[in-house]
Number of protein chains: 2
Amino acid sequence: MTTAAAVHSADVALSHRAARVIPGGMYGHQAVRHLSPAYPQFFAGGEGALITDVDGREYVDLMCSWGPIVLGHRDPVVTAAARAQMDLGDCLDGPGPVLVDLAETMVDAIADADWILFGKNGTDATTACLTIARAHTSRSVILAARGVYHGAAPWCTPVPTGTLASDRAAMGYFDYNDVDDFDRAVQAAGPDLAGVLLTPFRHVEGEDQQLVDEDFARHVRQRCDDSDALLILDDVRCGFRLAYGGSWEALGVPVDLSAWSKAIANGYPLAAVTGREALRDTASTVFLTGSFWMNSTPMVAALATVRRLAEIDGVALMQRAGARLRAGIEAQAADCGLAIRYTGPDVMPYLTFAGDDDRSRMTCFAEAALAAGVYLHPKHNWFMSCAMDDSVVDRALRGTEIAFAAVRRHFGTP
Amino acid sequence: MTTAAAVHSADVALSHRAARVIPGGMYGHQAVRHLSPAYPQFFAGGEGALITDVDGREYVDLMCSWGPIVLGHRDPVVTAAARAQMDLGDCLDGPGPVLVDLAETMVDAIADADWILFGKNGTDATTACLTIARAHTSRSVILAARGVYHGAAPWCTPVPTGTLASDRAAMGYFDYNDVDDFDRAVQAAGPDLAGVLLTPFRHVEGEDQQLVDEDFARHVRQRCDDSDALLILDDVRCGFRLAYGGSWEALGVPVDLSAWSKAIANGYPLAAVTGREALRDTASTVFLTGSFWMNSTPMVAALATVRRLAEIDGVALMQRAGARLRAGIEAQAADCGLAIRYTGPDVMPYLTFAGDDDRSRMTCFAEAALAAGVYLHPKHNWFMSCAMDDSVVDRALRGTEIAFAAVRRHFGTP
């Protein structure tokens, strides 16, 4: 295998400079220091379904910036809207008219939304949901599924370094899709149960994905009703990709509060909380704010994104791309005699190899795909975008075919 | 006084629509529902030192979007940099080269910074400082000055609705500038003191501002050293307006960690944490992330902003504008025989009337200023920007002259 330095000279130079001024060289979920050194850390740009690293190498982008890119990089409609807003102003002494247009459009698009508030981070949205639930019920305990990501604040970060036990004092945990364990947690919370926080399906880094069991979802809804507790859907990662609107609308399981971010503005910094009518007055009494929460440019981008998703039936486009990718990958694995698991919805799939406990097969696969011009993550679900037409998916599949061949060459068949 | 409806028809129409989809009609610090109905809620745009509301009325903007606007609205240099970045990409699978350029530039500009991390909200930055301090010391207690704003997260929000006592379980409080009360709080924290969180001066909404007592600052530094606790400067509101670099550098009081946001990117969504060398390794072990934290456009805007502030000596320009405004306002008040207090640094002043316990004089003043084309806040400090040349300040002073006359007319002299 070639060394990173040989092929990534601009990236290596930037990484050396970064190491002097950034702790650990890079931070957060996009830091590549735990991945193969073949992974570039820095990117120069993107267009549609493609991204280019700082050494000029182009990839089919199966990560979509970890979710935000839903229409494609630099979607022309979204970009034009953002540029037009920048000609007027962005960060002013109050919101622009677009806040109302966007609020109406999203409340209209989301079945369980009677009102909306905007923030910047997914964590802003999930945290606000907890605060509103506690204010509304005058209770403390929030139940969440064990191991599931809800943000990076002290109450929810997956890395507890620097946080306190008191940050999670009122959190309770249960296993996703496990009715008995959920009931046990409800019992333990007793009369202090304020709400239940759930992702639309179980997407946990490094683990096979689990779709929600519909009976489990209905059971949670019923228990919340029985307890006068609130059901909060963390739709930050899935929202407006799994469905146009709420990710559980198709199940017919209504939710009380929802947290949104990622895809709603095609990469512009925006998050949102939506809720049902009964929570409107409470939501107005909670103090939620930030210096840039009223900025108009991200809201204009969101309005263009949501409208565009409706116009082109973006969810159907992504489902088509996702189904084509899944079919191709499953066929390639079978042709190579390699046993894989391809879990989660087609628009947010996750690939693992059977018996790959040390992830060596997946590491080999990801490195080979990268070298063949496909950017995917070995430990995190991928994302489809509307820019992935058949030719893009086929281009990705030409890369994964090479990657499967590499795995077979290095590891043989099981 | 005319009614809002008569003069603000577009604003009123938007507000009616907002009331249907936004709890309470608007949220956060820019909601005007607690101000005079004369205040517009919605703005159409801004340029330089001016903003325009949705009814086409132009104001000299003494609020600078509550701090972010430091060079002026739509500064051409910053806007050009942002547009050029948008032609490449913004939200990608990793940061762009600008992250390194910006990190180096800010670490170079800030005396106490050996490294930097970027987020989106001021609250992201202050929260990260606490987490890093706790991780570094393996202790819990953070001391903060009573009543001072450090963000809107449950541990610090000024409105505790929906938060829990446990959210502040490890917070202790003291009175700003009060050495004895501070020592009492240090004593109470005992060996569990992780850090002390302070703003560069005491800026609290609705209260006269207090500059920091230099002896107090030195005392806090000494006590932190004695206790192996960290001194955290919340420079979110003041940073890169009070000084180019850290707001306490002129005092010669070094700090261990600093939180930044507001002015660093002239209105683009960005926040930062900087720290000293000894904290670098700890900072690399804390998980800090968000979906848009690596976006390049706000970083390009920040790089242009910080460089431009250095090139034009922006702080000196703001100090000049602030001194001119202060001198003009103090002269106008004296001419009218009105007793005022004009507190805080010239670049972030706060005006109150003597004996105005029900704020009726200030309400009258703010309404009259607004009608005369000056946007200022009756209960929050104002902000100077580099776009406020002498002619802008004089234009603002023509409005405040009318406003003082209105106060005198309505209330007479004390």
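Me: What makes B:C364 buried or exposed?

Reply: B:C364 has 9% relative accessibility, so it counts as buried. Buried means under 20% relative accessible area, exposed over 50%, and partly exposed in between, with a 1.4 Å probe and protein chains only. A caution before we go on: this is a predicted model, where local features need pLDDT of at least 70, side-chain atom pairs count only at pLDDT 80 or more, and totals for chains, interfaces and linings use all residues. Residues are numbered from 1 along each chain as its sequence is written, chains are lettered from A and ligands numbered from 1 in the order in which they are written, and side-chain values use heavy atoms, with hydrogens and water left out.

Me: Why is B:C364 too far for a bond to the closest cysteine sulfur?

Reply: A disulfide is a pair of cysteine sulfur atoms within 2.5 Å. The closest cysteine sulfur to that of B:C364 is in B:C336, 11 Å away, so it is too far for a bond.

Me: How many disulfides are there over all chains?

Reply: A search of the whole structure finds 0. B:C129 is in none, and its nearest cysteine sulfur, that of B:C156, is 12 Å away. B:C129 is buried too, at 0% relative accessibility.

Me: How are the two copies related?

Reply: A rotation of 180° with 0.0 Å of shift along its axis superposes chain A on chain B, with RMSD 0.0 Å. The two copies are therefore related as by a two-fold rotation axis. The superposition is by least squares on the C-alpha atoms of residues with pLDDT of at least 70 in both.

Me: How do you know that the copies meet through the same surface?

Reply: Because 100% of the interface residues of chain A are also interface residues in chain B. Contact means heavy atoms within 4.5 Å. By that rule, 100 residues of chain A touch 100 residues of chain B. Among those of chain A, A:Y27, A:D93 and A:F287 lose the most area to chain B, together 11% of what that side buries.

Me: What makes the pair B:E104 and A:R17 a salt bridge?

Reply: The rule asks for a side-chain nitrogen of Lys or Arg within 4 Å of a carboxyl oxygen of Asp or Glu. Here the N to O distance is 2.7 Å, and the side chains meet in a salt bridge. Between chain A and chain B the count is 6.

Me: Is A:S261 buried or exposed?

Reply: Buried, because its relative accessible area is 1%. A:S261 sits in the loop between β9 (257–260) and β10 (271–275) of chain A. Its contacts include A:K120, A:L270 and B:F292.

Terms used:
Buried area is the accessible area (1.4 Å probe) that two parts lose on being put together, summed over both. Helices (H or I, at least four residues) and strands (E, at least two) are DSSP runs, numbered from the N terminus. Lists of a residue's contacts leave out its neighbours within four places in sequence.
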